[in-house]
Every structure is written in C-alpha cells, then in structure tokens.
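Have the structure open as you read, and pick out the pairs as they come up.

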Amino acid sequence: MRIGHGYDVHRLAPERKLILGGVEIPYVLGLLGHSDADVLTHAVMDALLGGAGLWDIGHAFPDNDPAYEGISSLVLLERVMKKLAEQGFRVENVDATILAQRPKLAPFIPQMREKLARVIGIQPDRVNVKATTEEGLGFTGQGEGMAAHAVALLLER
Ligand code: MG
C-alpha cells in the first residue's frame, strides 16, 4: 500500500466558471487558473501522483504549456490514471476536503464523487468529498480563494 497527499489553492475571480470535481457550480465567481482551475481535482491528482512517487501535477502538466490552457481537469485526471496504471498502481480510496466559505457545496457533492470515481475507475463510495467553511478566517474564509486537501490510498499490483 502507498499513501499520497495533495493540496491546492486557487484564487476566486469574476467571469470565470466555478468547477469543482468536474461539476459546474452556479456562482458569481469562479476559480482562476491556466486549466479550468478545478482545485478539488488538482488536489486529488496530487494525492494520486504523490502516492505513486510521481512528483506532482506541476511537473506532469506544466502551466506554461499552451496545450493545457482551459483544459478540463478531468481530462488531466484521466492522464494521471494512465500514469498510475503504467506503474502498476490501482486506487483503493480517495478522501478530499474543499475549503470554501461560499457557495453551499453540499448539493453538488454526490455529483462530484460520481464524476471523479468514474475517471479513477472505482465506486463513488470510495471517493469521499467534504466541504467546510473556515469561519470567515483567512483567504478561504474571506472568499478570496478556495483550497482543497486530498489523500489517496494506492495498491501495488
Ligand atoms: Mg491547481
């Protein structure tokens, strides 16, 4: 067994879509980034790459590469899964937490789990996603950005 941890942050900005776990969420602001800035999927990918000892998404998909501009992070996750399979890893489970003051994310969480699980190739009950506010504290609490943490357990074939 191998364990991996991932953490990511993106700034909130106007005129951007808010995409979390591949799900578009109606909100006045969206996350800013080179790709679709899906902070949850980025943390999950870093946990998966980390567990496999494959460094991080910044090295797998450099953000100065125009090929990744506006790309769906689920497509990047698909590529991460290919890398893991090549190294003989499969995923046992993923657990993730989104840090965001607003909007209310609970209604969208089942859909996020389903989307992530489909790409990872496991059942949605093995991809847990939680969301928490930060009591108005810090950049997440002040609504300047969102962060996400993830851990993943990998099994070596
Ligand atoms: Mg990111």
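Salt bridges link Arg90, Glu92 and Arg126 into a network. This is a predicted model, and a search through the whole of the structure turns up 5 salt bridges. The other pairs are grouped below.

**Strand 1 and strand 7**
- Glu156 and Arg2 form a salt bridge through their side chains, with an N to O distance of 3.6 Å.
- Because Arg2 sits in strand 1 (residues 2–14) and Glu156 in strand 7 (residues 145–156), this pair ties together parts that are 154 residues apart in sequence.
- Glu156 is partly exposed, at 48% relative accessibility, and Arg2 is also partly exposed, at 32%.

- A salt bridge joins the side chains of Lys130 and Asp95, at 2.7 Å from N to O.

**Lys17 and Glu24**
- Lys17 pairs with Glu24 in a salt bridge whose closest N and O atoms are 3.9 Å apart.
- Are these two residues buried, partly exposed or exposed? Lys17 is exposed, because its relative accessible area of 52% is over 50%, whereas Glu24, at 48%, is partly exposed.

Key: Residues numbered from 1 in each chain as written. Predicted model: local features only at pLDDT ≥ 70, side-chain atom pairs only at ≥ 80, totals over all residues. Heavy atoms only, no water. Salt bridge = Lys/Arg side-chain N within 4 Å of Asp/Glu carboxyl O. Helix = DSSP H or I, 4+ residues; strand = E, 2+ residues; numbered from the N terminus. Buried < 20%, exposed > 50% of the residue type's maximum accessible area, 1.4 Å probe, protein only.
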